There are 2 protein chains.
Amino acid sequence: MTLSAELWPDVQPDAARRLMLAAVESFAERGYHATTTRDIASAAGMSPAALYVHFPSKAALLFAISESGHQQTLTLVESVAKRDQSPLVKMHKIVEDFVSWHARRHTVARVVQYELKALPEKEYEVIAGLRRRIEQTVRDVIAEGTEQGVFTVSDVRTAARAVLSLGVDVARWYTERSGKTPKALGHDYAELTLRMLGAG
Amino acid sequence: MTLSAELWPDVQPDAARRLMLAAVESFAERGYHATTTRDIASAAGMSPAALYVHFPSKAALLFAISESGHQQTLTLVESVAKRDQSPLVKMHKIVEDFVSWHARRHTVARVVQYELKALPEKEYEVIAGLRRRIEQTVRDVIAEGTEQGVFTVSDVRTAARAVLSLGVDVARWYTERSGKTPKALGHDYAELTLRMLGAG
């Protein structure tokens with residue numbers, strides 16, 4: 001499987017995925033604002049005209065990358081949260097998955113997490129909605145654990161913010177040379193998080 | 001006192017500080033790569049020629065901002081670490097100060113934390129050295145606490161990373177509308193951190 005197919009299994013055709021990958025790499029290299037659609041097309045080995053067949057603008061590419069990344073992380077958080085398991089087990093798994101996603105996909109995740117301000121207003125609202133759902137899901141699991149006496153948390157909102165913050169920041173510093181696999185890092189951070197929530 | 005004098009009390013003359021503030025705002029607005037020295041000079045109400053009196057290049061401005069920010073955070077971390085106090089008290093204070101610095105100075109901190117890749121190689125090495133000292137200082141306090149049995153940490157390196165990561169990420173999400181003052185946030189994060197380290 002190609003890298004772009006692995007990153008965006010839900011996007012078709014392959015040319016669109018190749019453009020998304022080229023955009024991620026170009027944004028990572030020189031930032032969103034300094035990247036042109038011509039840069040992206042050329043990094044994908046395509047003409048600017050061929051780019052416009054798939055994406056009407058650079059902003060549309062950014063939105064596709066951002067929406068897919070937020071959708072993927074929302075899905076992994078929500079799918080664990082609705083399991084019929086203890087909040088402790090669920091929180092461990094959420095942090096493991098969320099952290100290892102940000103480590104494994106760190107270049108994509110950087111665009112997803114750090115280029116929100118560059119989104120046009122309507123697109124930003126869609127992404128903000130996905131972000132609110134991610135945050136609410138984590139809050140709900142913390143609140144559930146607090147009610148059951150598994151967690152001891154005085155401010156659920158701040159605790160949820162800290163949990164997600166630890167995961168998001170992995171995208172900033174993680175590289176393949178970081179010495180820990182994404183899975184091992186996810187496991188360690190899950191342990192630290194449970195302690196932070198007063199279980200451990 | 002002007003904002004630029006408050007941010008960079010150690011920089012003289014005031015025109016240099018005004019250029020640094022204009023650079024921070026321009027980088028925050030459109031990213032480092034898409035900002036020109038002309039943009040920065042004009043945001044500071046100066047001519048491009050006047051800018052070059054103080055900074056030979058855009059990269060020199062970025063380095064001045066980055067070095068000052070790293071120096072400030074290193075100073076606050078080191079000054080607490082060398083106190084003759086319990087590692088628990090010191091860690092609480094380090095997190096309070098580090099977190100509230102990133103909240104209070106979030107626009108500057110974003111440039112400091114997220115534009116490292118844009119630094120020229122030599123300048124990057126200077127900053128990397130400051131970052132290693134910050135990280136080492138936090139590791140030392142954690143190791144000291146672990147030896148004394150105040151903290152229970154199996155992997156000091158990962159724990160230090162997580163502690164700093166929580167603080168750095170504040171620069172990404174904090175705004176004046178976040179509902180908590182920098183000081184209150186610093187206090188809450190210090191409590192969460194002590195629990196994460198197995199004390200609390």
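User: How many aromatic pairs are there over all chains in the whole structure?

Analyst: First, a word of care: this is a predicted model. Searching the whole structure turns up 5 aromatic pairs over all chains. Let's read one of them. Planes over 60 degrees apart count as edge-to-face. The planes of F27(B) and Y32(B) are at 65°, so this pair is edge-to-face, and the ring centres are 5.0 Å apart.

User: Are F27(B) and Y32(B) buried or exposed?

Analyst: Both F27(B) and Y32(B) are buried.

User: What lies over the face of Y32(A)?

Analyst: Here you look for a charged group above a ring. K58(A) sits over the face of Y32(A), 4.2 Å from the ring centre. There's a case that involves two chains as well: R161(A) lies over the face of W173(B), at 4.1 Å from the ring centre.

User: Okay, now the core. Which residues touch the most other members of the largest nonpolar core?

Analyst: The general idea is that in soluble globular proteins, nonpolar side chains tend to be buried together. In this model, the largest nonpolar core has 144 residues. The ones touching the most other members are I65, M91 and Y189 of chain A, along with I65(B), M91(B) and Y189(B).

User: What is Y189(A) in contact with, leaving aside neighbours within four places in sequence?

Analyst: Its partners come from both chains. From chain A, Y189(A) meets V95(A), V99(A), L166(A), V170(A) and W173(A). From chain B, Y189(A) meets T158(B), R161(B), A162(B) and S165(B).

User: How do I read a helix? What does α8 of chain B reach from its first C-alpha to its last?

Analyst: Compare the end-to-end reach with the expected one. Helix α8(B) covers residues 121-147, which is 27 residues, and reaches 38 Å, close to the 39 Å expected. Just after α8(B), G149(B) takes a positive phi of about 75°.

User: What covers the buried residues of α8(B)?

Analyst: The cover includes α5, α6 and α9 of chain B. Among the buried residues of α8(B) are I127(B), L130(B), I134(B) and V138(B), and the list also has E135(B) and R139(B).

User: Where is T137(A), and is T137(A) buried or exposed?

Analyst: T137(A) is in helix α8 of chain A. The cut-off for buried is under 20% relative accessible area. T137(A) has 9% relative accessibility, so T137(A) counts as buried. Beyond four places in sequence, T137(A) contacts V77(A), E78(A) and A81(A).

User: Last one: which residues of chain A does UniProt list for "DNA-binding region"?

Analyst: An annotation gives you a stretch to look up in the model. The unreviewed UniProt entry lists residues 36-55 of chain A under that name. In the model, this span is 70% helix and 0% strand, with its end C-alpha atoms 13 Å apart. The entry also lists residues 13-73 of chain A for "domain: HTH tetR-type". Over residues 13-73, chain A is 77% helix and 0% strand, and the end C-alpha atoms are 22 Å apart.

Definitions and conventions: Residues numbered from 1 in each chain as written. Chains lettered and ligands numbered in written order. Predicted model: local features only at pLDDT ≥ 70, side-chain atom pairs only at ≥ 80, totals over all residues. Heavy atoms only, no water. UniProt positions renumbered as here; feature names shortened; annotations may be inferred. Helix = DSSP H or I, 4+ residues; strand = E, 2+ residues; numbered from the N terminus. Core = buried A, V, L, I, M, F, W, Y, C linked by side-chain atoms within 4.5 Å. Buried < 20%, exposed > 50% of the residue type's maximum accessible area, 1.4 Å probe, protein only. Contact = heavy atoms within 4.5 Å. Phe/Tyr/Trp six-rings, centres within 6.5 Å; stacked < 30°, edge-to-face > 60°. Lys NZ or Arg CZ within 6 Å of the ring centre and 35° of its normal. Expected span 1.5 Å × (residues − 1).
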